[in-house]
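Trainee: I have a model open and I'd like to learn how to read it. Could we go through it together?

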Amino acid sequence: MARTQRVTLNEIAAQTGLSLTTISKVLNGATDVSSATRALVEEHLRESGYRRRKSRQRREYIEVVLHELEGEWALAILEGVRESAAAVGLAVSLSVSGDRHAPGPEWLESVVRRAPTGIILLFAGIPPEGRERLTARGIPYVIIDPEGDPAQDIPSVGSANWSGGLAATRHLLELGHRRIAAITGPESVMCALARLDGYRAAMSSARMPIAPEWVRFGDFQRDGGERHASELLRLADPPTAIFAGNDAQALGVLHAAAALGMTVPHDLSVVGFDDLAIAELAHPRLTTVHQPLREMAEQATRLVLQLLEQSRPEVTRIELATRLVVRDSTAKPAPSPRG
C-alpha cells in the first residue's frame, strides 16, 4: 500500500531495532558503523521511501565529479556549471574519482558526509547503491552524459551524437568524397558507437560501401588519432576523408597527414566532433560537429535545482542538438586516377 505520510527516523529506528543515533550516523555517512548495519538501514530507508528534509542553510554548493581533470572539454563543463550556480548564489566544488564509467566508492562515502546542494556527474552512470544512498539523503544528482547511456530513471543531459555523426559524414559525401574513414572512440563507450552509427547511416543512405579497414576504434586522444590515421593513409587505397570521433583525434589526423607530406584539405579532408577552442586554432581551422557543452552544463545545473524542489520533475532526460561547423579542413577531393 502506498504511504500517505512522510516516514520519520523514529519509525525507521523502530523497524530496525536500532537507536536513532545509529540511524543518524548512517544518514550522515559516519565510518563507525558496520557494513551489515549500514545495509540494514539503507534497505529500510529505500523501502520506506524516506527522503531527507532539505536544508538550504547547510548546503551552499554544487559538487561536480569527473574521472579526470584534463582538456578543454572538462573546463567547458565546469565553466557552464559555475555560471549557472553563481546565478542562484551557489558555489561549485570539484571531485576527481573513479573511471569514465562511474565514480569510485570512496567518493560516495565522503559525499554523504559533505551533503552538497546537488551533484553533477560526468560519467556513463552511477551504481544502484550510490543512487539509493543519495536519494535517501535528499541529495539530487544529474549525469552529464556525452559518453554513456544511463538508465531511464537517472536524470541526465546529453547530446545528439548519432545526428552529429550523420551530419559530418553527409558533409563529406556532398563534397564528393567516396572513400571516407571513421576513427571513433572506445568500443565500450556509447557516444563513440552512436557517432559511428551516424557515419554508417549516412554512407548506407548514399549507397556507399564501407571497407572494413576504414572503421577504427580509438581512445579519444590525439596520439591515438594520429596512429590510426597513419595506418589509414598508408593503405593501398587510402581514404580521401576522415571523420574523427572528437577534436583531439582530429588533431592527430592533421599531424599524421602532415608527417606523410599531405596537405589538408587538398589531399585529405578532416572532420572532428566537439567544437572546442582548439578547432578554431588548428591549422587549417577544423571543420567539426558542435557539441553544446556549456549549455549541457547549464541544463544539468537547472535540473539539479528542480530536483531539489520536487522529486519528480516532468523531464529528467534532456538531449541537446548538435550542428556542423564548416571551416577550412574540408574540401572537394582532389582529382585522382582512382576516382
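Trainee: Which residues have the most contacts inside the largest nonpolar core?

Mentor: The general idea first: in soluble globular proteins, nonpolar side chains tend to be buried together. Here the largest such core has 37 residues, and Leu268 is among those with the most contacts inside it, along with Ile180, Tyr199, Ile242, Phe243, Val253 and Val270. Helices H7 (161–175), H8, H9 (222–233) and H10 (247–259) and strands E6, E8 and E9 each supply at least two residues. H10 gives the most, with six. Another core, of 26 residues, lies apart from it and includes Ile62, Val64, Ile120 and Leu122.

Trainee: What is the strand order in the open sheet of six strands?

Mentor: Read across it: E7-E6-E8-E9-E10-E12, with mixed pairing. E7 (215–217) and E12 (323–325) are the edges, each pairing on one side only. On average, neighbouring strands are turned by 20 degrees against each other, ignoring direction. Helix H8 (residues 190–205) packs on this sheet, touching E6, E7, E8 (241–244) and E9 (269–274), and its direction makes about 170 degrees with that of E6.

Trainee: Where does pLDDT stay under 50?

Mentor: Over residues 1–5, for which the model has two contacts beyond four places in sequence. Where pLDDT is low, the predicted coordinates should not be read in detail. For the chain, mean pLDDT is 86, and 88% of residues reach 70 or more.

Methods
Residues are numbered from 1 along each chain as its sequence is written. This is a predicted model: local features need pLDDT of at least 70, side-chain atom pairs count only at pLDDT 80 or more; totals for chains, interfaces and linings use all residues. Side-chain values use heavy atoms; hydrogens and water are left out. pLDDT is the predictor's confidence in each residue, from 0 to 100. Contact means heavy atoms within 4.5 Å. Two strands pair if DSSP finds at least two bridges between them. Helices (H or I, at least four residues) and strands (E, at least two) are DSSP runs, numbered from the N terminus. Axes are lines fitted to C-alpha atoms, for helices over the stretch in contact, and angles run from 0 to 180 degrees between N-to-C directions. A nonpolar core is a set of buried Ala, Val, Leu, Ile, Met, Phe, Trp, Tyr and Cys residues joined through side-chain atoms within 4.5 Å. Buried means under 20% relative accessible area, exposed over 50%, partly exposed in between (1.4 Å probe, protein chains only).
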